[in-house]
Amino acid sequence: MPAVAGASPRRRISGLPDRGRVHSSGYVESVTLAPADDPPRFTAVLGELQGAYRDPSASVARRRVRLIWVGQRRIPGIVAGTQVAFEGMVSPVNGIPTVFNPRYEIIGRPEGAQ
């Protein structure tokens, strides 16, 4: 996302506040699809390190953020390994920083993805 006048600078996920407007980026670690009989929502969990899931020695505790798009069953391009920049209001939900309906930009895709 290009910088907008008055916008907050992009922060690392580990530096996100518990509440408030945030602008950050990370790598998609996992996505969750809502069951067909539940209201539509699409969830992605982002972390800071690409490929940490591939290297067991990189199991350093790191903070994650959950992005939830309410009313969406799928977000094209949001898959594991994709780097995403996002902006929105963060608040803790079940102890995890969560942003509902964030603005987002896909920065990079996993190798071999189209």
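Q: Which residues form one aromatic cluster?
A: Phe42, Trp69 and Tyr104 do. Rings of Phe, Tyr and Trp (its six-membered ring) pair if their centres lie within 6.5 Å. This is a predicted model: local features need pLDDT of at least 70, side-chain atom pairs count only at pLDDT 80 or more, and totals for chains, interfaces and linings use all residues. Residues are numbered from 1 along each chain as its sequence is written, and side-chain values use heavy atoms, without hydrogens and water.

Q: How many aromatic pairs are there, and how is a pair described?
A: A pair of aromatic rings is described by the distance of the centres and the angle of the planes. Planes under 30 degrees apart count as stacked, over 60 as edge-to-face and the rest as tilted. The count here is two aromatic pairs. Phe42 and Trp69 have ring centres 6.0 Å apart and planes at 50°, so this pair is tilted. Phe42 sits in strand S2 and Trp69 in strand S3, 27 residues apart; strands (E, at least two residues) are DSSP runs, numbered from the N terminus. Trp69 and Tyr104 are edge-to-face, at 5.4 Å centre to centre and 80° between the planes. Tyr104 lies in strand S6 (residues 103-108), 35 residues from Trp69.

Q: Is Trp69 buried or exposed?
A: Buried means under 20% relative accessible area, exposed over 50%, partly exposed in between (1.4 Å probe, protein chains only). Trp69 has 5%, so Trp69 is buried. Tyr104, at 33%, counts as partly exposed.

Q: What is Ile78 in contact with, leaving aside its neighbours within four places in sequence?
A: Contact means heavy atoms within 4.5 Å. Ile78 contacts Val28, Val31, Phe42, Ala44, Val84, Tyr104 and Ile106.

Key:
Helix = DSSP H or I, 4+ residues; strand = E, 2+ residues; numbered from the N terminus.
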